[in-house]
Amino acid sequence: MSAIIHYSTLPDPEGGRALLLKHYLPPTPGASLILFSHGLGGSRESGQDWIQPWQALGFGVIAIQHPGTDIRELGDNIPYALLRMVRHAFQRESLLERRSDVERVIAALDGHPAIPDALQRPHNIGLCGHSFGAVTMQLVAGEARDSLTPAPPRDARIRALLTLSPSAREPEQPPGLAARFAAFDLPVLGITGTRDQGLGRSDITPENRLLPHQAMPPGDKYLLVYDGAQHRELAGEPPDAGRPSPRFRDSLRAASAAFWQASLHHNPAARRWLRHGLATTLHAQDHLEYK
């Protein structure tokens, strides 16, 4: 059976921020649902190389396109546009807008016509994002920042968080990393690489991407670091003739699938494999830890 894809637009009741959505429908309705948030310059097509295997395993997925930090802002001068977007993206307003985007999609899961019936009213929700999308989902999951209006209580259906290229900007700022991530009492898998730096020398370093995991309280927290993996390789763009697949592609697909099965479907075999089997499949210089 071919994968079923559906596109829709979630209107903004205030008229200014309609959200373009891509829906990956599960084979059977009522499955657990994963929400995906793209990085800077991305779109609702982002992440599909990771998402497609999740859909094949029975998970529904909604990929969200965020106005103001999406592909429509790039224009012809992509490097300049990305640098301009970085300066804008981490301002308070942009962070709040992205967090609100995800909250609006979650609210729409209870009957809004922009959401296909097969994805309505899920029992379990997983959050996933790449780069700025990972930051977005960290905020939805409960990351606290003094500079932001506190988020509403986390939806009780949110059961897990998977971050690709996570980060913790300004780790020295109040309230401190331990307080920022204190509310993370759900399973989290962070995936990064030893060459996973941001834009330019002054942007996020590979070492910074380890900080969220280090700051979170223990309990089903996993960190997977692929040796040599670069930022773009972790975005989940489908391979093409001019760009080979990352050497860790199959490993990341397997690790993420097992994480969702363990966290959203409460599969004990998948949880055991994450802790004891995954490490045996990695290259010598890759790194996996959990707490």
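Biologist: What is the volume of the largest pocket, and how is that volume defined?
Modeller: The largest pocket holds about 880 Å³. That is the space filled by probe spheres set on grid points, which are joined across faces, edges and corners. A pocket is an open set of points on a 1 Å grid over the protein atoms alone, where a 1.4 Å probe fits, with protein on both sides within 12 Å along at least five of seven lines. The model is predicted: local features need pLDDT of at least 70, side-chain atom pairs count only at pLDDT 80 or more, and totals for chains, interfaces and linings use all residues. Residues are numbered from 1 along each chain as its sequence is written, and side-chain values use heavy atoms, without hydrogens and water.

Biologist: Which residues that line the largest pocket are closest to its centre?
Modeller: Leu40, His130, His231, Arg232 and Glu237, out of 37 lining residues. A lining residue has an atom within 4 Å of a point. By class, the lining has 14 nonpolar, 16 polar and 7 charged residues. H2 gives the largest share, 3 residues.

Biologist: What lines the second largest pocket?
Modeller: That pocket, of about 220 Å³, is lined by 13 residues, with Arg145, Ser147, Arg169, Glu170 and Gln173 nearest its centre. Its lining has 5 nonpolar, 2 polar and 6 charged residues.

Biologist: Why is the contact of Arg17 and Glu97 called a salt bridge?
Modeller: The definition asks for a side-chain nitrogen of Lys or Arg within 4 Å of a carboxyl oxygen of Asp or Glu. Arg17 and Glu97 meet at 3.4 Å, N to O, so the pair qualifies. Arg17 sits in the loop between strands S1 (4-10) and S2 (19-25), Glu97 in helix H3 (residues 92-108), 80 residues apart. The structure holds 17 salt bridges.

Biologist: What makes Asp110 and Arg157 a link between parts of the chain?
Modeller: Their side chains form a salt bridge at 3.2 Å, N to O. Asp110 lies in the loop between H3 and strand S5 (125-130), and Arg157 in the loop between H4 and strand S6 (158-164), so the pair ties together parts 47 residues apart in sequence. Asp110, at 43%, is partly exposed, whereas Arg157, at 16%, is buried.

Definitions and conventions:
Helix = DSSP H or I, 4+ residues; strand = E, 2+ residues; numbered from the N terminus. Nonpolar A, V, L, I, M, F, W, Y, C, P; charged D, E, K, R; others polar. Buried < 20%, exposed > 50% of the residue type's maximum accessible area, 1.4 Å probe, protein only.
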